[in-house]
Amino acid sequence: MARSATSMQTLTASQARRIALRAKGFAGPARSTEPSRRTLAAEVERLRVLQIDSVNVWERSHYMPLFSRLGPYDRSRLDALTGARSTSAGTGARGTVRKGPALTEAPLTEYWAHEATFLPVDDLPLFAFRKREMLTRLDTRHAEFFRDTERLRTWLLAELAERGPLRASEIEHDENRRSGPWWGWSAVKRTLEYLFLTGQVVAAPRIGFERRYALAEQVLPARVLGIEVDDDDARRELVRRAAIALGVATASDLADYFRLPVTATKRAIDELEASGELEPVIVDGWMRGSGSLPAWRHRDATLPRRIDRTALLTPFDPVVWFRERALRMHDFHYRIEIYTPAPKRRFGYYSLPVLIGDRVSARVDLKNDRRRGVLRVQSAWLERHAPSDAPPRVAEALREAAEWQGLGVLEVQSWGDLAPALAAELGVRLEPRPDA
């Protein structure tokens, strides 16, 4: 669709940030009361996805977006939404046939909606096209492995039908030994993941942090079983939801939210613009070559007068997970360094971005020393645009984070330009950097 600059609204960079942050749940003051399960569920509905990551040096990633927006909360309430259970929970014995209604009515399930994510169970039918794409992709890239494991797939499906939802570690089979590629997964684990990604099995509520696998009728509510959504309709709906979640966005922003092809995303944008749901805008400073980068504002996105929040963000928060957008929106160049050799790390192993006001303006590398009850700040850095009151604001955010985690002591190590001021604000001695 042709864009006429004279007919489009122009937003300043600050206005675009405020619209986006409001859409992502950062408008208004921080909460003074602990959020209920209903409040948590509403926030997940706003975001549509909580990205899952296995790194636990500070806190598992999917718990963080709700803490960033709502403040300290009881993590068991989010576990209840996902149906997760502790590692001590029992599982069905061999020979137990699981039939009838779904074993859980947890409102969240898992699938590859962005990366691996928790998402509302009612959204699962929108990703049928992705399951078919995964089938083509995996059968192409790993053709030999999956051809050789056809009998194992048949056996695993029968095992799940007989025993109900299972973790890979619960399955007794000669091929369940860790080796080879795919993070050293066994052939059983690799095959279960193949079945999960291609939609032949689904994720059951986890036990601990370990994924369980099940047949769809064993764990999904009847209302989502057998629902078929046209591929184009699904992609258009996902672009619409991404636009709501982002507030103002480019085509690449909208495509990234649910990892959609850019071509299909642009087609959906044209349809949503024609219907009036997306409004083309110009954002000052958003450039492509010598011209403005095309962007759209969702018709329901509102511009708050100000955003004045301080929040620790997970590296996998929608505010920063698309690094191109984080740079364009916040002038924040971000790369996670867990795979970078220690001597080459610039900011630390697992640095968390820090939102201050309406910009991501700092980063802190945190270590949760659960055994000693210590929150260790291993490095702390300011961005060039950080406000003058950044040190006390970051210090208060860290106190809140430590309390949320039940940690009684904070330590700050001497790495980063924010570290000395942060230690002073927290009233602690600046500890030497261990490898200095």
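A residue is called buried here when its relative accessible area is under 20%, exposed when over 50% and partly exposed in between (1.4 Å probe, protein chains only). The model is predicted, so that local features need pLDDT of at least 70 and side-chain atom pairs count only at pLDDT 80 or more, whereas totals for chains, interfaces and linings use all residues. Residues are numbered from 1 along each chain as its sequence is written, and side-chain values use heavy atoms, with hydrogens and water left out.

By these criteria tyrosine 334 counts as buried, at 0% relative accessibility, and phenylalanine 332 is likewise buried, with a relative accessible area of 0%.

Rings of Phe, Tyr and Trp (its six-membered ring) pair if their centres lie within 6.5 Å, with planes under 30 degrees apart counted as stacked, over 60 as edge-to-face and the rest as tilted. The structure holds 12 aromatic pairs, including the two tabulated here.

| Pair | Centre distance | Plane angle | Class |
|---|---|---|---|
| Tyrosine 257 and phenylalanine 258 | 5.2 Å | 70° | edge-to-face |
| Phenylalanine 332 and tyrosine 334 | 5.4 Å | 25° | stacked |

Glycine 199, whose phi is positive, near 85°, follows H9.

Technical notes: Helix = DSSP H or I, 4+ residues; strand = E, 2+ residues; numbered from the N terminus.
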